[in-house]
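Here's a quick tour of a protein chain for you to follow on screen. Keep the structure open and look up each residue as it comes along.

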Amino acid sequence: MTPFDLLKNFNINSLREKADEIRNKMEACEITGEAGGGFVKVKINGKFKIIDIDYENNKYITEDLETFKNLIICAQNDACEKMTEKMKNEFGSSFGDISSILGR
């Protein structure tokens with residue numbers, strides 16, 4: 001099989017549709033990261049943008065803002081790690097589907 005044989009079956013529109021479908025599904029994902037045993041929670045979307053921060057309102061917030069800030073950072077990092085893993089698990093096989101469109 002030559003590279004030209006692969007190009008005969010190549011359908012750019014099908015590839016675009018599949019890529020758009022995967023991108024839309026990825027962007028619609030939401031996941032929550034936690035820190036401090038759930039004291040702080042950060043929710044992100046598939047673009048890794050923060051869409052919500054939730055926390056237990058107690059004296060530690062007003063007494064130790066530095067620790068509170070660090071908990072937010074840790075919760076954000078946790079959310080990003082979870083989102084990366086989710087995307088690998090849920091969409092990793094989609095890249096195999098794209099390969100089949102390319103004839104591989």
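Predicted model: local features only at pLDDT ≥ 70, side-chain atom pairs only at ≥ 80, totals over all residues.

- How many aromatic pairs does the count come to? The count comes to two.
- One is F39 with F68, an edge-to-face pair with 6.4 Å from centre to centre and 80° between the planes.
- Are F39 and F68 buried or exposed? Both F39 and F68 are buried.
- For F68 you can check the number: its relative accessibility is 12%, which means it falls in the buried class, under 20%.
- The other pair is Y55 with F68, where the ring centres are 5.1 Å apart and the planes are at 75°, so this one is edge-to-face too.
- Y55 lies in strand β3 (residues 50-55) and F68 in helix α4, so here the parts tied together are 13 residues apart in sequence.
- If you wonder about the two numbers quoted for each pair, a pair of aromatic rings is described by the distance of the centres and the angle of the planes.

**Helix α2 and its two sides**

- Helix α2 covers residues 12-28, which is 17 residues.
- From first C-alpha to last, α2 reaches 24 Å, close to the 24 Å expected at 1.5 Å a residue.
- Which residues of α2 are buried? They are L15, K18, I22 and M26.
- Those four cover an arc of only 70° around the axis, which puts them on the same side of α2.
- The spacing makes sense once you know that an α-helix has 3.6 residues a turn, so residues three or four places apart point the same way.
- Turn to the other side of α2 and you'll find R16, E17 and A28, which are exposed.

**Two residues in and between the strands**

- E34 is in strand β1, and with a relative accessible area of 39% it is partly exposed.
- Leaving aside neighbours within four places in sequence, E34 is in contact with V40, K41, C74, A75 and D78.
- Y55 comes back here: the C-alpha atoms of E34 and Y55 are separated by 9.5 Å, and the two residues are 21 residues apart along the chain.
- Where is F48? Look in the loop between β2 and β3.
- F48 has a phi near 65°, a positive value in a residue other than glycine.
- At 31% relative accessibility, F48 counts as partly exposed.

**The whole chain**

- The protein chain has four helices and three strands, and along the sequence they follow the pattern α-α-β-β-β-α-α.
- Out of 104 residues, 27% count as buried.
- Take the contacts between residues at least 6 apart in sequence: 57% of them join residues at least 24 apart.
- The protein chain exposes about 7200 Å², with carbon and sulfur atoms supplying 51% of that area.

How values were computed. Residues numbered from 1 in each chain as written. Heavy atoms only, no water. Expected span 1.5 Å × (residues − 1). Buried < 20%, exposed > 50% of the residue type's maximum accessible area, 1.4 Å probe, protein only. Arc of directions from axis to C-beta. Phe/Tyr/Trp six-rings, centres within 6.5 Å; stacked < 30°, edge-to-face > 60°. Contact = heavy atoms within 4.5 Å. Areas by Shrake-Rupley, 256 points an atom, 1.4 Å probe, with all protein chains shown as cover.
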